[in-house]
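Reader: I would like to learn how to read the core and the sheets of a model such as this one. Could we go through them in turn?

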Amino acid sequence: FPGERDDAPFNPSTLFLTWRRDPTTTMIVQWIGTRGETADSSVYFMPVAGGASSAVRPQHLPYPGTDFKVFRAELTGLKPGTDYKFRIGRSSPVW
């Protein structure tokens, strides 16, 4: 991604990956935070080896009993056996 940095200003403290469909072609990126923490909460992803990037806007669900939200973005159309990298918005680290 352009502008990859290790000292990114937005770095969620709670980030986890899971899936609910085929784990060879989908991945769900989830984190806990507050609305407005970052101006862009889309999840951008692309193959590590290069290629076109894609973006998914996350859902945000209430985290019961708090002001926090669970942000959830499902990445689909992934190619089996391919490593991917992603970032949240344009100011997070690349994972």
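Author: Let us begin with a term: a nonpolar core is a set of buried Ala, Val, Leu, Ile, Met, Phe, Trp, Tyr and Cys residues joined through side-chain atoms within 4.5 Å, where buried means under 20% relative accessible area, exposed over 50%, and partly exposed in between (1.4 Å probe, protein chains only). The model is predicted, so local features need pLDDT of at least 70 and side-chain atom pairs count only at pLDDT 80 or more, while totals for chains, interfaces and linings use all residues. Residues are numbered from 1 along each chain as its sequence is written, and side-chain values use heavy atoms, with hydrogens and water left out.

Reader: Which residues make up the largest nonpolar core?

Author: There are 12 residues in this core, namely Phe-10, Val-29, Trp-31, Val-43, Phe-45, Val-56, Phe-71, Ala-73, Leu-75, Leu-78, Phe-86 and Ile-88. Strands (E, at least two residues) are DSSP runs numbered from the N terminus, and at least two core residues come from each of β2 (27–33), β3 (43–47), β6 (69–75) and β7 (84–88). The most are given by β6, with three residues.

Reader: What does Phe-71 touch beyond residues up to four places away in sequence?

Author: Contact means heavy atoms within 4.5 Å. By that criterion, Phe-71 touches Val-29, Gln-30, Trp-31, Gly-33, Thr-34, Arg-35, Pro-58, Gln-59 and His-60.

Reader: In what order do the strands of the four-stranded open sheet run?

Author: Two strands pair if DSSP finds at least two bridges between them. Here the order is β1-β2-β6-β5, with antiparallel pairing, and the edge strands, each pairing on one side only, are β1 (15–18) and β5 (59–62). Four bridges join β1 and β2 in the antiparallel sense, and Phe-16 stands opposite Gln-30 in β2.

Reader: Which strands stand at the edges of the three-stranded sheet, and why?

Author: This open sheet has the order β4-β3-β7, again with antiparallel pairing. The edges are β4 (54–56) and β7, because each has a single partner strand, so one side of each is left without a neighbour in the sheet. Between β3 and β4 the antiparallel pairing extends over three bridges, with Phe-45 opposite Ser-54 in β4.

Reader: Is Gly-77 buried or exposed?

Author: Gly-77, which is found in the loop between β6 and β7, counts as exposed because its relative accessibility is 66%. Leaving aside neighbours within four places in sequence, Gly-77 is in contact with Thr-25 and Tyr-84.
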